[in-house]
Amino acid sequence: FESIDKEILLMHKRHFEIDPLTKKRISFGLVRFSNIKQCIAYSRHITMNFPSDIIDLRYVTYHAREVMLIRHMQECYLDRILCRKEPLSIFEDAAIRKHIDTSDKQDITFVVVSSPVEELGRDHDFDWAIIEPASYRSIIQTSGRVLRHRDLKPIEANIGILQYNWNSIFKDEDTPCYCNPGFETQEYLLTTHDLHDLINEEEINQGITSIPRISFIEKVEVLDTFVSL
């Protein structure tokens, strides 16, 4: 959680926008967890422990087990303010405006702390994202919520991916960790859960695309070893 806190500060520093009225530095980010339990736990953590002396943080917790009426209201609001085809329109929202105008900080970040529900059909545009890994497909889907509507090319990375997910830290090595969500099973167990070893970092640092999911990996030819009797 403290590592995520530090990454939020870094992402805001790299990818903020200037509020036209107050000239404060504002960013809108996503922290996506693989499971609801950790999503809620992190929200509780930042309520008490986020370094608010450096930056003002405003957050909403968004997951599939929320009371349906509240979740519906959340989605209606997020769908509206995170539609950023008109980039400055988000600063005209009454609630966002109030948070900016009443803050005594020069830096404010608005963060959606979410479960994988954010990946399912949400047309949201964030400035940056931090992702707990579950599967490569999940990483691709979440990345599609960053600069979704705006034609901007970032100079520095605007997506951070954790080296491990929560399960891989607290479960045995021979237990599936990238599952529910994810595709790892006991029958198809990864040899490691360290993302440094699981993905091509040089390739992913150039940009996250769906190419690794649809391209073939060259395989060594397997020779026929059956013996005729």
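Is cysteine 179 buried or exposed, and what is its relative accessible area? Cysteine 179 is buried, with a relative accessible area of 13%; here buried means under 20% relative accessible area, exposed means over 50%, and partly exposed covers the range in between, with a 1.4 Å probe and protein chains only. The structure is a predicted model, in which local features need pLDDT of at least 70 and side-chain atom pairs count only at pLDDT 80 or more, while totals for chains, interfaces and linings use all residues. Residues are numbered from 1 along each chain as its sequence is written, and side-chain values use heavy atoms, with hydrogens and water left out.

The protein chain has nine helices and six strands, taken as DSSP runs (H or I of at least four residues for helices, E of at least two for strands) and numbered from the N terminus. Along the principal axes, its C-alpha atoms fill a box of roughly 85 × 35 × 35 Å. Of the 229 residues, 43% are buried. Among contacts (heavy atoms within 4.5 Å) with a separation of 6 or more, 69% involve residues 24 or more positions apart.

Now back to the cysteines. With a disulfide defined as a pair of cysteine sulfur atoms within 2.5 Å, the count comes to zero. Cysteine 179 is in no disulfide, and the nearest cysteine sulfur, that of cysteine 177, is 6.9 Å away. For cysteine 76, the closest cysteine sulfur belongs to cysteine 83 and is 14 Å away, too far for a bond. Cysteine 76 is partly exposed, at a relative accessible area of 41%.

Seven aromatic pairs are found in the whole structure, where rings of Phe, Tyr and Trp (its six-membered ring) pair if their centres lie within 6.5 Å, and planes under 30 degrees apart count as stacked, over 60 as edge-to-face and the rest as tilted. One of them joins phenylalanine 1 and phenylalanine 33 edge-to-face, at 6.2 Å centre to centre and 80 degrees between the planes. This pair links distant parts of the chain, 32 residues apart: phenylalanine 1 lies in the segment before helix H1 (2-14), and phenylalanine 33 in the loop between strand S2 (25-32) and helix H2 (36-49). Phenylalanine 1 is partly exposed at 29% relative accessible area, whereas phenylalanine 33 is buried at 3%. Phenylalanine 1 also forms an edge-to-face pair with tyrosine 42, at 5.1 Å centre to centre and 70 degrees between the planes. Tyrosine 42 is in helix H2, 41 residues from phenylalanine 1, and counts as buried at 0% relative accessibility. Ring pairs link Phe1, Phe33, Tyr42, Trp166 and Phe170 into a cluster.
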